[in-house]
Amino acid sequence: MNRTQIVVIAKEPVPGKVKTRLVPPLTSEEAAAVAGAALEDTLRAVARAPAVRRVLALDGAPGTWLPSGFTVLPQRGGGLDERLAAAFEDAYRLLPVPVVLIGMDTPQITPDLLAEAVALLDGRDAVFGPANDGGFWLLGLRDPDPALLLGVPMSEPDTGEVQLRRMEEAGMSVASLPCLTDVDTMADAVEVAALAPHSRYAAALAGTGTRL
């Protein structure tokens with residue numbers, strides 16, 4: 001029986017607070033609509049993946065985009081390293097089973113890819129999904145320790161490298177997943193939409209007049 005929980009860490013898609021690097025050429029409202037669609041695609045993929053519990057660690061308030069079956073926890077902490085560490089810590093405290101954590105910037109993920117992460121974590125201490133910007137799109141920990149994340153420089157070209165080294169230096173066995181593109185820039189946005197042409201995210205981006 002699967003005993004892994006999946007946590008999505010995300011911001012409420014409010015204009016001016018999400019995907020600000022897409023403005024311009026998008027408006028703040030368009031960027032928020034694209035972010036909301038990406039979040040909904042992510043949550044729906046998680047809803048179809050094998051997990052004993054599904055959690056949304058949310059900065060903001062849930063909306064109609066949230067599928068049923070998710071436990072919502074408020075984010076806490078300052079920097080992203082603190083918020084990631086807290087999401088792991090809070091989810092594990094409420095249910096002490098392994099945690100797979102992802103963000104809202106990879107709407108091209110599939111339930112099968114998440115199932116692979118869950119399966120890999122069954123035999124390893126950690127599972128790591130690198131992103132092509134140098135960060136990571138997924139991190140799974142069998143026994144989450146906030147110290148593994150606290151102090152890791154986030155949103156830097158070497159974020160993933162530092163995080164991976166932190167785990168390896170702790171003597172952890174780490175499985176790797178394919179490298180994916182996070183949606184940060186407009187070039188990323190178009191690339192990811194092409195990878196998931198039938199997604200809500202791709203439809204929202206096309207609705208802004210962006211050529212895919």
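Visitor: How many cavities of 30 Å³ or more does a search of the whole structure find?
Guide: The search finds 1. A cavity here is a set of points on a 1 Å grid over the protein atoms alone where a 1.4 Å probe fits but cannot get out. Grid points are joined across faces, edges and corners, and the volume is the space filled by probe spheres set on the points. Before we go on: this is a predicted model, where local features need pLDDT of at least 70, side-chain atom pairs count only at pLDDT 80 or more, and totals for chains, interfaces and linings use all residues. Residues are numbered from 1 along each chain as its sequence is written, and side-chain values use heavy atoms, with hydrogens and water left out.

Visitor: OK. What volume does the largest cavity have?
Guide: About 30 Å³.

Visitor: And which residues line the largest cavity?
Guide: Ala 57, Leu 73, Pro 74, Gln 75, Arg 76, Arg 83, Ala 86, Ala 87 and Asp 90. Lining residues have an atom within 4 Å of a point. Strand E3 (70–74) and helix H2 (80–94) are the elements that give two or more residues to that lining. Helices (H or I, at least four residues) and strands (E, at least two) are DSSP runs, numbered from the N terminus.

Visitor: Which element gives the most to the lining?
Guide: That's H2, with 4 residues.

Visitor: How do the lining residues divide into nonpolar, polar and charged?
Guide: There are 5 nonpolar, 1 polar and 3 charged. Ala, Val, Leu, Ile, Met, Phe, Trp, Tyr, Cys and Pro count as nonpolar, Asp, Glu, Lys and Arg as charged, and the others, Gly among them, as polar.

Visitor: New topic: the backbone. What is the peptide bond from Val 23 to Pro 24, cis or trans?
Guide: Cis, with omega near -20 degrees. The bond from Pro 24 to Pro 25 is cis too, with omega near 15 degrees. Pro 24 sits in the loop between strand E1 (5–11) and helix H1 (28–47), and Pro 25 is in the loop between E1 and H1 as well.

Visitor: Why point those out?
Guide: Because most peptide bonds are trans, and most residues other than glycine have a negative phi.

Visitor: Phi, then. What is phi of Lys 19 near?
Guide: Phi of Lys 19 is near 50 degrees, a positive value in a residue other than glycine. Lys 19 is also in the loop between E1 and H1.

Visitor: Is Lys 19 buried or exposed?
Guide: Buried, because its relative accessibility is 19%. Buried means under 20% relative accessible area and exposed over 50%, with partly exposed in between (1.4 Å probe, protein chains only).

Visitor: What about Ser 155, buried or exposed?
Guide: Ser 155 counts as exposed, at 70% relative accessibility. Its phi is positive, about 60 degrees, although it is not a glycine. You'll find Ser 155 in the loop between strand E6 (136–141) and helix H4 (159–169).

Technical notes:
On a 1 Å grid over the protein atoms alone, a cavity is a set of points where a 1.4 Å probe fits but cannot get out, and a pocket is an open set with protein on both sides within 12 Å along at least five of seven lines; lining residues have an atom within 4 Å of a point.
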